[in-house]
Amino acid sequence: MTAVKMQKQLFGTNGVRGVTGKEITPELMITVGLALGTMRKGQIGVGRDTRTSGESLIKALKAGLLAAGCDVVDCGILPTPALQYLVKEHFDGGAMITASHNPPEYNGVKIIEPDGTEMGDEETIKLETLIFSRSFPPVKWEESGRESSAPSLIQEYCSSISEYFPGNPGKGMTVVADPGSGPACLTTSTILTAMGCRVITINGKMDGTFPGRLPEPSIEGLASLSELVISSGAAFGVAHDGDADRAVFVDETGKFIEEDQQFALIAQYICRKKTGTVVTPVSTGQIVEMVITREGGSVTYTPVGSIYVARTMRLLLENDVNVIFGGEGNGGLIFPEHQFCRDGGMTAAMMVSILSSTDKKLSELIDQLPRRYVLKDKIRTSKGKEILEGIKADYSHEKVDQTDGLKIIRKNAWILVRASGTEPIIRIIVDADDPEKCRDFQNEIKQKILAFG
Ligand code: MG
């Protein structure tokens with residue numbers, strides 16, 4: 001019981017994304033607004049991240065929505081999960097102008113359903129058809145939409161998280177937050193302070209030129225965060241991507257925590273409190289499943305992409321399966337008791353909760369997790385799908401999972417081979433209990449792929 005992946009033309013895994021002035025223009029945003037406003041009636045909540053192109057793009061998007069007869073509530077600059085939460089609570093749909101982790105010259109739009117989830121493939125394909133056909137039925141003059149703004153609604157999102165963790169769990173804890181000049185400048189410090197933490201912020205001024213670091217929270221970009229964690233004696237440092245649906249961490253020694261380890265640590269904490277299944281894509285590191293099964297939980301695998309995780313979580317819950325947690329191995333984690341989307345603010349708050357429940361330091365908690373080795377690789381080829389079909393037969397005698405691409409599962413090792421839907425490449429991930437096993441498996445599959453030319 002898993003959400004199925006369908007091929008889209010304009011929209012990628014998480015909305016439309018591209019370079020401003022090339023793929024992403026105000027003209028496109030008017031069309032997206034007209035199409036969305038034709039499909040969804042009522043009150044639409046919109047917002048944006050801090051990118052310099054955001055202001056013109058959101059005005060174009062709003063013009064399209066208003067012309068299609070929707071009322072628009074502009075929630076201003078805010079994280080994507082904050083808008084998703086507000087749409088779920090107040091609106092009939094939503095649209096977020098953001099390019100997430102992409103560099104400053106990029107922008108895009110994510111479409112949000114009334115329940116706060118990102119629009120699924122089936123509806124997105126309907127939206128694309130409308131965008132391409134430009135067949136928008138005219139709206140009578142008296143049915144034109146009205147615009148209002150509600151920049152203070154963001155506080156509801158912050159309170160919904162801090163109130164989820166009552167009793168001041170952050171009391172006595174110092175945390176360094178790095179919102180990366182993005183919209184989490186308005187949320188993470190507020191949430192953690194309300195939980196009792198002493199919060200020090202770096203890159204805390206909103207700026208679409210991203211002067212401190214790029215929107216992708218990479219190890220290199222987080223060097224200043226690590227230094228500040230060490231010098232301030234903080235319990236941890238947290239950094240977000242450009243729209244704060246993801247959170248990544250450094251421990252009290254300033255060391256970057258791999259995203260799969262972070263996922264495993266939080267999954268362990270949740271599985272010790274609740275019994276049920278955790279939903280994640282087939283690409284997530286084995287460490288996560290190992291920890292979950294050790295704690296008595298189970299794992300449901302989905303295609304790669306957060307919308308498949310979120311939709312599968314909903315689908316399972318509708319069928320009375322107890323879904324306790326979900327997410328991707330990139331710091332994008334979904335807490336279903338709060339909402340069905342990746343949420344960087346909630347993830348940061350969860351880390352405070354974990355550390356308040358133990359005397360151990362974050363580095364010690366990470367050291368206690370199982371050790372796995374992961375290799376990632378890609379091969380350029382335009383024949384990805386044919387190659388995958390071709391090598392499949394060679395592994396018919398082995399345990400395989402074809403939820404997304406081809407995953408060959410052996411004792412203490414697996415390899416995932418996927419043909420990209422948007423680029424002429426094959427992506428490879430190997431996960432094993434031993435680095436040599438990783439390399440051998442990688443070489444084996446590469447030889448098979450290259451043999452196809
Ligand atoms: Mg993001």
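One term before we set off: buried means under 20% relative accessible area, exposed over 50%, and partly exposed in between, with a 1.4 Å probe and protein chains only. You're looking at a predicted model, where local features need pLDDT of at least 70, side-chain atom pairs count only at pLDDT 80 or more, and totals for chains, interfaces and linings use all residues. Residues are numbered from 1 along each chain as its sequence is written, and side-chain values use heavy atoms, leaving out hydrogens and water.

**Stop 1: a sheet.** Helices (H or I, at least four residues) and strands (E, at least two) are DSSP runs, numbered from the N terminus. Two strands pair if DSSP finds at least two bridges between them. Now look for the open sheet of six strands, ordered E1-E5-E4-E2-E3-E6 with mixed pairing. At its edges sit E1 (16-19) and E6 (147-149), each pairing on one side only. Select residues 43-48 and 93-97: these are E2 and E4, which pair in the parallel sense over five bridges. Ile44 stands opposite Gly93 of E4.

**Stop 2: strand E9.** Select residues 236-240. Five of the five residues of E9 are buried, so this strand is largely enclosed by the rest of the structure. Phe236, Val238 and His240 lie on one side, with Gly237 and Ala239 on the other. E9 runs parallel to E7 (residues 174-178), joined by four bridges, and Val176 has Gly237 as its bridge partner in E9. Four bridges also join E9 to E10 (residues 247-250), this time antiparallel; there, His240 stands opposite Ala247. Six residues lie between the strands of this hairpin, and Ala244 takes a positive phi near 60°.

**Stop 3: salt bridges.** A salt bridge here is a side-chain nitrogen of Lys or Arg within 4 Å of a carboxyl oxygen of Asp or Glu. The count comes to 31. Which residue does Lys8 meet in a salt bridge? Show Asp121: the N to O distance is 2.7 Å. Lys8 is in the segment before E1 and Asp121 in helix H4 (residues 121-133), 113 residues apart. Lys8 is buried at 11% relative accessibility, and Asp121 is buried at 4%.

Next, pick Lys448 and Asp394, which meet at 3.5 Å, N to O. Lys448 lies in helix H14 (residues 435-451) and Asp394 in the loop between H13 (384-392) and E16 (399-401), so the pair ties together parts 54 residues apart in sequence. Both count as partly exposed, Lys448 at 27% and Asp394 at 37%.
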